[in-house]
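Subject: Structure handover

Hello,

Here is the structure for you to look over. My notes follow below it.

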Amino acid sequence: MTSDVVLPHLPRVAVCGISLEASTFSPALTTAAMLAPRRGREVLDAWEFWRPGGALADRARWLGVLQARSIAGGAIPADDYVLLKAEILAGLVAAVADAPLDGVVLDIHGAASVAGLVDMEGDLAVAVRDVVGPACLISSGMDLHGNVSRTLAETVDLLTTYRTAPHVDWQETKERAARNLLDRLALPPGRRRPAKAWVPVPILLPGEMTSTRQEPATSLYARVPEIEALDGILDAGIWIGYPWADEPRNGAVVMVVGDDADLAMTEATALASDLWERREEFGFVAPTGSFDEVMAAALASPVTPYFVSDSGDNPTAGGAGDVTWTLTELLASEELAASGRRAIYASIPDAMGALAAAEAGVGADVRLTLGARVDARPAPPVEVAGEVVAVVPSDDNLEVVVRTATVDVIVTRRRRPYHLEQDFTRLGLDPRSADVVVVKIGYLEPELFDMAADWMLALTPGGVDQDLVRLGHRRVRRPMFPLDDVSGVDPLADAELFPGDTARLSPEG
């Protein structure tokens, strides 16, 4: 799909975007400050491939505009989005005033939500297009848990997405999006924009049921690079979608892009059909159960450490992070106390509690009222009494460990994920020698997965509840699997081909 044609000058490519995974079922909000905008050179320094000496650094004149990113959370307030969007557009206007832009890398996730909007990424893409003009190519590398609305599919020229969950290929995907853009810009004008086959599939499933570690996702995603390798195809992807937002665009999408429009549509519809036919095969990536059932299994396990996913309040899926329901149950567990075993709980964010424990200092006995500052729906604040055994400040956080009779409770000033062994060891905790480790997470990230002697996923309440029916979607398109009876649904009914430049080529090309 590349060409020997070399442009007489380096293309001018702007980099901008807003990247977030946001639950509309959580009362949390993600402000502009929480999105920690990078500007100018900082935007480029975030990715190795276009830093000085990087693989793509010398292939374009890269222009960092603004890129805002946060771990998953709640929706962005409308005013905050307006400010970020306005700054992005102002930066692009300034860039275009100097000289036309050849390309834009739109760095988005695909599952951001803004209060009052139903398609943030589509809205941003259209606004960017209005500034940079129709000749400029726009490329994006997205999370497979993102959503591709018709607006986004039509507006962005080159779309690609992760092919693994957990996302071990996220950096590779971001580089592929930039590389695809540069390869297309090396073609003559009028031949750069590929055809795009867009096939929305009425499936809405959580990532914990669609991990590429297991079937049917393993074999479905294995077909993506095979399709990409076909002559006339540039890229392919399966966006499984984001289930914890209630918007019309939420759901699965298959896309194939390339110069052979007919082949792109053929491959996209075939892959979408296979996805649909195998929908009943998707299941949780680990054994699941109520919290009581999961704890009973953990305490009966002959092997340790036994990991438990507190899935309903997973901060990296969009949970508020401060739901206290599971911690309350854990501290009150008579079975845990009687077993002689101990647990680690990661974590409960509470700024006042973390500061109070830090002020008391290591060795002090404290009694703290924690959590439910943001999401108090499942349970009220929880009382934690114990000894402070660690206080670890950092540039953007403060972490303390309070040791109770049965649980080492990690308390943080700001919510954060615990995905790495060093996240625990830096606090003086050894998860490998623990009996039970309860983590606010869905599927275990690679280091935790490798560390766990066994694990289960607890179906706990929160803004990213795995029980989608319990959440109560009202605005997603219906019927939708598994929310409805889909026996009479045609999964290809809304498939659409955006022909790109191929529509303007002669039969000889």
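Where is Ala372 found? Ala372 is in the loop between strand S15 (365-370) and strand S16 (382-393). Strands here are DSSP E runs of at least two residues, helices are H or I runs of at least four, and both are numbered from the N terminus.

Some ground rules. This is a predicted model, where local features need pLDDT of at least 70 and side-chain atom pairs count only at pLDDT 80 or more, while totals for chains, interfaces and linings use all residues. Residues are numbered from 1 along each chain as its sequence is written, and side-chain values use heavy atoms, with hydrogens and water left out.

Backbone

Most residues other than glycine have a negative phi, and most peptide bonds are trans. Ala372 has a positive phi, near 60°. Ala372 is buried, at 10% relative accessible area. (Buried means under 20% relative accessible area, exposed over 50%, partly exposed in between, with a 1.4 Å probe and protein chains only.) Ala36 also has a positive phi, near 45°. Ala36 sits in the loop between strand S2 (22-23) and strand S3 (38-39). Its relative accessible area is 44%, so Ala36 is partly exposed.

Now the cis bonds. The peptide bond from Thr304 to Pro305 is cis, with omega near 0°. Pro305 lies in the loop between helix H8 (291-300) and strand S13 (306-310). Arg478 and Pro479 are also joined by a cis peptide bond, with omega about 0°. Pro479 is in the loop between helix H14 (468-471) and strand S21 (496-498).

Cysteines

The search of the whole structure found zero disulfides (cysteine sulfur pairs within 2.5 Å). Cys16 is in no disulfide, and its nearest cysteine sulfur, in Cys136, is 9.4 Å away. Cys16 is buried, at 0% relative accessibility. Cys136 is buried too, at 1%.

Aromatics

There are seven aromatic pairs. A pair means ring centres of Phe, Tyr or Trp (its six-membered ring) within 6.5 Å; planes under 30 degrees apart count as stacked, over 60 as edge-to-face and the rest as tilted. One of the pairs is Trp50 with Trp62: centres 4.8 Å apart, planes at 50°, so tilted. Trp50 lies in the loop between helix H1 (41-45) and strand S4 (61-69), and Trp62 in S4, so the pair ties together parts twelve residues apart in sequence. Both Trp50 and Trp62 are buried.

The charged end of Arg279 sits over the ring of Trp276, 4.0 Å from its centre. The charged end of Arg279 also sits over the ring of Phe481, at 5.8 Å. (The test: NZ of Lys or CZ of Arg within 6 Å of the ring centre and within 35 degrees of the ring normal.)

Helix H11

Which residues of helix H11 (residues 351-360) are buried? They are Gly353, Ala354 and Ala357. Seen down the axis of H11, they fall within an arc of 100°, so they line one face (the arc is that of directions from the helix axis to the C-beta atoms). The face turned away from the buried side carries the exposed residues Met352 and Glu359. Just after H11, Gly361 takes a positive phi of about 90°.

Best wishes
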